[in-house]
Amino acid sequence: MAFIPGTTALRGRLLTFLRAPQGPGDRDSYRYIADGLVVVTAGRITAMGNASDLLPTLPAGMVVDHYPDSLILPGFIDTHIHFPQTQVIASYGAQLMEWLEKYTFIEEQRYADHAHASRNARFFLDELARNGTTSAVVYGSVHPGSVKALFTEAEARGVGLVAGKVMMDRHAPTALTDTAQTSYDQSKALIGAWHGVGRQRYAVTPRFAITSTPEQLAAAGALLREHPGVYMQTHLSENHEEIRQVARLYPEATDYLDVYDRFGLLGDRSLFGHCIHLSEREMARMHETASVAVFCPTSNLFIGSGLFDRAALENPARPVRLGLATDVGGGTSYSLLRTAGEGYKVLQLRGQSWPALAAFDLMTRGNAAALGLTEEIGQIAPGRYADLVVLDPSATPAMAHRRDVIQGDLEEELFLLMTLGDDRAVRATYIQGQRVHDRDAVIADTVALGIQRGLADIATGRLVPHDEAMDELDASIEQAVRDSH
């Protein structure tokens, strides 16, 4: 079934960022409307403002979804996530190189099967929606069919992705390797089939320097030159052993970044995951080329890679563009709320502060800016896609309990959400104005299903009714009391 963009309106507390906040209390960096309305026509935002001003202008019969105590923000954007690793997440006890060999490379071989890739594409996109993520930059497996399955499912849902087939021609199982030529040919075919089709965009995707020969990195550079509108994504300076292996494989390079630079892989559409152990020269070169460093805090902690240095990268003398990402499955959560919360802790260990305003800006407008897509996503503004997330700051008892003492303080409320929030705080997610996730409906359906199954079990004698079970428990307690005397 083809995706039909929504024509509707959302009412609630609106928050959208206008520029990067300069610190806590920077109220000029965002627009907040306590009782606002977003008007959506054919999937795009046509108006946003005070509900009292816009409600009288709505066409007769337009549906208004009202969230009176929730925050409505642009949908979250994830700038580094691995589609074939949904069943690798939470794999125990390894650092990067062992983790790849022990878990990841084994799992990714399964994506040669189209049915497996299609089934997992559905799960992947469902999980993003459940966590309020409406756009993502995604790694496929080495198999071109994995990316085709992902793009097909995303386009059917109206979701905009940047994605690519992994290029990997050495230091991996034979079943997961291509060649410089086949990776070029397959990537070129996928670019022709998908880049710019609907909301889909392609990313040339050499996994990292260890798994690509110089010939393959040259092929990646050729693809970027031949298709100037595509993106490039890879990994950079995640782990000390990784860096040492890169130095052994590319002794002629000045440093890790220089390996990619020599093949023309740096630029304003190039996203480098991790960037934990960069030298001053590397950071200066990333600044010169407008390349993007992607912060992946839960992954960096889980795999024991190190602590991201935001202050060094944002040095005013040569600031590096930044993104924020979950990096599932090395990352441990699909939730960008949890990711930001862990990012705050990483930066605390660096002696750096990360205000909630800066974190939420990066999850939305900032990540859109990293992709050069602020005219399409990342803000609640006319002309943008109506990709939106509705957040409930009282989603759990602990959150509601904390919120009791911070009512009216927006920045404290955002910090609460990024510290204690997760998928439970995502009340609803909209793609092009269509509600694609409704937390309360999911809960109701789950309860109804549980009741239905319970009744079926009672009818077939597999389950003792609650009242009978309680009578038996009471009788046992009474007998125990009598025995104690």
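Modeller: This is a predicted model. The protein chain exposes about 19,700 Å². Carbon and sulfur atoms supply 54% of that area.

Biologist: How many helices and strands does the protein chain have?

Modeller: The protein chain has 17 helices and 16 strands.

Biologist: What makes you call the protein chain as compact as a globular protein of that length?

Modeller: Its radius of gyration is 24 Å. The globule rule gives 23 Å for 485 residues. The C-alpha atoms fill a box of roughly 80 × 65 × 50 Å along the principal axes.

Biologist: What share of the residues is buried?

Modeller: Buried residues make up 56% of the 485. As for contacts, take those between residues at least 6 apart in sequence. Of these, 74% join residues at least 24 apart.

Biologist: How many salt bridges are there?

Modeller: The count comes to 34.

Biologist: Why is the pair Arg11 and Asp35 called a salt bridge?

Modeller: The closest N and O atoms of Arg11 and Asp35 are 2.9 Å apart. The cut-off is within 4 Å, so the pair qualifies. Arg11 lies in strand S1 (residues 8-17) and Asp35 in strand S2 (residues 30-41), so the pair ties together parts that are 24 residues apart in sequence.

Biologist: Why is Arg11 called partly exposed?

Modeller: Arg11 has 22% relative accessibility. Buried means under 20% and exposed means over 50%, so a value in between counts as partly exposed. Asp35, at 33%, is partly exposed too.

Biologist: What makes Arg427 and Asp440 a salt bridge?

Modeller: Their side chains meet at 3.6 Å, N to O. That is within 4 Å, so the pair counts. Arg427 is in strand S15 (residues 426-431), and Asp440 is in helix H16 (residues 439-459), 13 residues apart. Arg427 is partly exposed at 21% relative accessibility. Asp440 is partly exposed, with 33%.

Biologist: Which residues do salt bridges with shared partners join into one network?

Modeller: Arg13, Asp69, Arg403 and Glu413. Glu413 is also one of the buried residues of helix H15 (residues 410-420). Others there include Leu410, Leu414 and Leu417.

Biologist: What reaches the backbone at the start of H15?

Modeller: A side-chain oxygen of Asp409 does. It comes to within 3.3 Å of the backbone nitrogen of Glu411.

Biologist: Which residue forms a salt bridge with Glu412?

Modeller: Arg402, with the closest N and O atoms 3.4 Å apart. Arg402 sits in helix H14 (residues 397-403) and Glu412 in helix H15, ten residues apart. Arg402 is partly exposed, with a relative accessible area of 37%. For Glu412 the value is 32%, again partly exposed.

Biologist: Now Glu242. How do you know that Glu242 has no salt bridge?

Modeller: The nearest side chain of opposite charge, Arg207, is 9.5 Å away.

Biologist: What does the side chain of Glu242 reach?

Modeller: It reaches the backbone nitrogen of Glu238 at 2.8 Å. A polar contact has a cut-off of 3.5 Å, so this distance falls within it.

Biologist: Which residues does Glu242 touch, not counting those up to four places away in sequence?

Modeller: Leu96, Met97, Phe208, Ile210, Leu236, Ser237 and Tyr256.

Key. Residues numbered from 1 in each chain as written. Predicted model: local features only at pLDDT ≥ 70, side-chain atom pairs only at ≥ 80, totals over all residues. Heavy atoms only, no water. Buried < 20%, exposed > 50% of the residue type's maximum accessible area, 1.4 Å probe, protein only. Lys, Arg positive; Asp, Glu negative; His and termini not counted. Polar contact = N/O pair within 3.5 Å; in protein donor to acceptor, adjacent residues only side chain to side chain. Contact = heavy atoms within 4.5 Å. Helix = DSSP H or I, 4+ residues; strand = E, 2+ residues; numbered from the N terminus. Rg over C-alpha atoms; globule rule 2.2 N^0.38 Å. Areas by Shrake-Rupley, 256 points an atom, 1.4 Å probe, with all protein chains shown as cover.
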